[in-house]
Amino acid sequence: RQHEAPRRVKRAWVIPPISVSENHKRIPHLLVQIKSDKQQPGGVIYSIKGPGVDEEPLGIFSIDKFSGKVFLNAMLDREENDRYRLRAFALDLGGVTLEDPTDLEIIVVDQNDNRPLFRQDVFTGRVVEGAEPGTCVMTVDATDADDPDTDNAALRYSILEQGAAGMFSINATTGEICTARPGLDRETMGVYNLTVQAADMSGDGLTTTAMAVIYLEDINDNAPEFTKEEFSMEVEEQAAGVDVGKVFVHDKDLAGSPSWLAKFTILEGDPEGAFAIRTDPHTNDGILSVVKPLDHEVRDRFELTVSVQNERPLEPSAPASPRALATVRVRVRDVNEAPVFRENPRRISVLEGTPPGTPITTYTASDPDTHQIQTLTYALLYDPAEWLQLDPHAGTVRTKRELLHPSAFLQGGWYIALVLARDDAEPPLSATGTLSIEILEVNDHAPQLQPPAGVLCGRPGRGGTLLLGATDDDRPPHGAPFHFQLSPQHPQLARNWSIARFNGEGQPGRGDAAERVPLTPRPPRSDPRRAGPQLHPTPAIAPRASPRPRACPRVPAVLAGLGAARVRGRRRALRKGLLQRSRDDMRDNILNYDEQGGGEEDQDAYDINQLRHPELFSPRAKPPLRRDAPLSSGTPMAPRKLPSSPSDIEDFINEVGPGPAPSPSVPHRRRADGDPLSLQGLEAADSDPSVPPYDTALIYDYEGSGSVASPLSSIVSSLTDEDQDYDYLSEWGPRFRRLADLYG
């Protein structure tokens, strides 16, 4: 087997690919002739099928069925179809397949029949002015429909036109455009228009062009400048918040950009800050305005130094330049101005009751127009009570009638009037001044006691109480609070009357004081010589106190004598230095011990018979028990010796004498003149340290029926206003002569 000869293999029916150039113009064109190995003369039928034959596009290829020749019947376009795949068949005359079907591939060969195409007609790019060389701006690109594997689609780019400067260059392969040299200045040329080209065949074939537009972006490389060095304007005086004029500037940078927007500053010439300057956002000019009223009489012209610069700082690459300055001259025009009251309101004080025609003030205004000769006149614009009159030329204000309290036109003691000042310019201007007049209170009303009369009713040992108030039509400080005192015209009243402040609050609408007046005898009101005690809310004199009613218990007349007898003993004690309190009240006050007799029916009090019949009572007899003393109180030492002649009260008092001096440490009752009471009961009180400092005068408060002793009312008061004779008091001895002088 190894030496067996090789066997012959049957050759297959194979057709190699056929190439044909696109755009072939000689039609029909023989592409190929196919043959079968089993071909018999006149015995084989050939056929082809596929795209371009019996499929779309139809009719491009055909075959001679007897010879097997394949023809091209139409021009081919490689960009539409770059190859065709057909099937070839060989049959005998009876239709039997002689060969298996075989492939017939027709390749369309490319020709450079397509120009390059840019993706857009206009390309746009941006770059900042002053960019460094080599800064890329944009990329242009094109396409070619020809076979990319051939030079027919090999593109190259170039700049055909960009102006004489040659500021940009393009990469021939990638189409990237970059800056070629420095010096891009937007203010010189803000837009560059470049014509770029794309060519196939590596630049030697078909070409096409497009536009590349490059915009330079602005930077702040130019400072603003004034259009001129000086500007002149004028404005009326007293105008505020108005625009005076504009200063014009120029900036080469892009209008509307932050690099263009200007900022103005007033450097000199406006120390008071009367002007302001702002930027017009549309024109970039400076607008000068007045923010404070100007006064032509004070200053009639201004010379301002104004500077300008950008909101955004200059770029470091910008050329250095000094700050732009301009001088703005402003003239202030004089206009008529209204008068001015320099003191507004004017406050003055006038005493109430000021007589009519009294000048109270001169209220005038001044005219700011010192460069104009004008005359001011005055008039009362508001005078609700018509209290005033005004000199129209001098401005002197006088009273027209008395200014009195109270008045519905006063507000808290102030009277308000308005004065009008007017100039004589054309048209005239006026001003209003407020005149505030304080009506000062004058002490022209005496206070009035409330009540004007009262009844004082008291018991022995306790004075009566009368609450007094006062009213005054005057306002503070001539009204409340009031000072009450006994009438200085009657100094003797201070011996038997006292006044003490009851409270410090007072009653609404009345004087804020009430006084306490002890009960004391007083003469009838009908006798002017025997005027009763008078209370003085300074400077007025109060009415006399009314007689006490019958219902008040009576005080024996002996108390008056006892009170007088106390003078000597008080003086002795004072001489001996036994007074403990140098500021004691020296007046003879009868204090209240909360105990008194039962009127005419009281039989339990002190027996007056001891005075009438002292012989019935032994000097060594035990003294009666004090009803006001504590149970533990002892019996006073050394009882008094009763007088042998009880009919003479004076002898009884003189004989009894003051007795031993009381201890300084023991509180005891004293008269106003300093002598201790010389009664036996007083000695008991002074000698007994266990009892309070009560005055035992209450022992004598007995008023039995049919008492020989006269009631106290027969001495010091009366139930009627009839005159009484007190001359008999002088017969009681020198101790009662003082009472006789007061009431006799």
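Let me begin with a definition: two strands pair if DSSP finds at least two bridges between them, and the strands themselves, like the helices, are DSSP runs numbered from the N terminus, with at least two residues (E) for a strand and at least four (H or I) for a helix. What you see above is a predicted model, in which local features need pLDDT of at least 70 and side-chain atom pairs count only at pLDDT 80 or more, while totals for chains, interfaces and linings use all residues. Residues are numbered from 1 along each chain as its sequence is written, and side-chain values use heavy atoms, with hydrogens and water left out.

With that in hand, please look at the open sheet that three strands form in the order 2-5-4, with antiparallel pairing. Strand 2 (29-33) and strand 4 (61-63) stand at its edges, each with a single partner strand, so one side of each has no neighbour in the sheet. Strand 4 is joined by three bridges to strand 5 (residues 69-72), and these two run antiparallel; within that pairing, Phe 61 has Leu 72 in strand 5 as its bridge partner.

The side chain of Glu 105 makes a polar contact of 2.4 Å with that of Arg 83 and another of 3.5 Å with that of Arg 85. A polar contact here is a pair of N or O atoms within 3.5 Å; within protein, one must be able to donate a hydrogen and the other to accept it, and residues adjacent in sequence count only if both atoms are side-chain atoms.

Finally, which residues touch the most other members of the largest nonpolar core? Among its 25 residues, they are Phe 226, Phe 264, Phe 275, Leu 288, Val 328 and Val 330, and strand 25 (324-333) gives the most to this core, with five residues. Such a core is a set of buried Ala, Val, Leu, Ile, Met, Phe, Trp, Tyr and Cys residues joined through side-chain atoms within 4.5 Å.

Definitions and conventions:
Buried < 20%, exposed > 50% of the residue type's maximum accessible area, 1.4 Å probe, protein only.
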